[in-house]
Structures are given as C-alpha cells and as structure tokens.
Amino acid sequence: MQTSFKFIAAVALLLFGAIQSDAQVGKPHKRNLTVKEWNVDAGSTAKIMDHLTVYDNLGRKIEEAEYDRYGVKWRKMFEYGENGKVSRELVYGPNGKLDNIRKFEFDELGRKKTEYVYNPNGKLIRYKLFEYSVEEGNE
C-alpha cells in the first residue's frame with residue numbers, strides 16, 4: 001500500500017513539474033497559433049483586420065499588430081530570455097520602420113521590475129519602474 005502511494009506521489013510530482021515547466025515556457029493551447037480579429041460594420045459583410053497575434057511552437061507570443069482601415073498602426077515582435085519571460089520587444093510604426101526597442105527586467109518573483117525604452121539607435125529614451133504592494137486584508 002505504502003509503495004503504491006509513493007509511486008503515485010512520484011508520478012504526480014513528475015506530472016506537476018512538467019506542467020509547471022510548460023507553463024513557464026508558454027501556453028500549450030497556443031502553440032503555433034495565429035489569432036486574427038476582424039471588424040465588420042452592421043449591415044455589411046466587409047471585414048477589416050483589427051488585430052493580429054502570433055504564437056510560436058512553445059506557445060509564446062512572438063508577434064502582435066494593430067490595424068485600422070489604412071493598414072498597420074503598429075507591430076511588435078517579442079524575444080524571450082532564458083527565464084522564459086519577454087526580454088526584448090521591438091516596436092514598429094505604420095511605415096514598417098523600427099520605432100523603439102523595449103527591454104525588461106524582472107524581480108525574484110518573476111514580476112516585471114523595470115522597462116527600458118530605447119530609440120532605434122540604442123539610445124535610452126525613458127524607463128518605467130514597477131512597484132507592487134498588497135493591501136492588508138486583500139491577500
């Protein structure tokens with residue numbers, strides 16, 4: 001009885017570890033997925049692309065774009081670090097040219113700590129600091 005319990009516990013831990021590591025990489029249900037959002041005016045059948053999101057084979061978002069009637073408003077490409085978090089975001093304007101580069105730092109809990117914004121030549125434009133607090137009783 002105790003041996004079978006240890007076996008079941010070991011299998012459960014292995015499965016939980018596999019699920020955890022998979023979740024850190026991306027979302028399995030989003031692997032190789034492309035999501036297109038369309039706007040359709042009432043009384044019309046004409047579709048206008050509104051938003052595009054593309055995920056890689058690990059379920060991580062690698063591209064996102066916003067559209068209007070005239071074409072692309074902006075497009076973002078995402079790069080990931082060894083920790084599985086977005087390390088760099090390349091932001092392109094409506095002309096398709098690189099507008100800015102964003103780099104991220106995370107705290108020990110994996111939360112975004114700092115976002116740095118650089119111009120296309122690599123010069124720091126600004127940065128944003130993230131602060132997290134928990135109010136008493138909302139834990």
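I noted what I was working with. This is a predicted model, where local features need pLDDT of at least 70, side-chain atom pairs count only at pLDDT 80 or more, and totals for chains, interfaces and linings use all residues. Residues are numbered from 1 along each chain as its sequence is written, and side-chain values use heavy atoms, without hydrogens and water.

Next I checked the terms. Helices (H or I, at least four residues) and strands (E, at least two) are DSSP runs, numbered from the N terminus. Two strands pair if DSSP finds at least two bridges between them.

**Along the chain**

I listed the elements. The protein chain has one helix and eight strands. From the N terminus they run α-β-β-β-β-β-β-β-β.

I zoomed in on strand 5 (residues 86–92) and strand 6 (residues 98–106). They pair in the antiparallel sense over five bridges. R88 stands opposite K103 in strand 6. E89 has R102 as its bridge partner there. Five residues lie between the strands of this hairpin, and G96 takes a positive phi near 85°.

Then I moved on to strand 7 (residues 112–118). Six bridges join strand 6 to strand 7, and the two run antiparallel. F104 has E115 in strand 7 as its bridge partner. This hairpin also has five residues between its strands, and here G110 takes a positive phi near 85°.

**Whole-chain totals**

How much of the chain is buried? Buried residues (under 20% relative accessible area, 1.4 Å probe, protein chains only) make up 22% of the 139 residues.

I looked up contacts too (heavy atoms within 4.5 Å). Among those with a separation of 6 or more, residues 24 or more positions apart account for 10%.

Last came the surface, by the Shrake-Rupley method with a 1.4 Å probe. The accessible surface comes to about 10,500 Å², and 53% of that belongs to carbon and sulfur atoms.

Methods: Buried means under 20% relative accessible area, exposed over 50%, partly exposed in between (1.4 Å probe, protein chains only).
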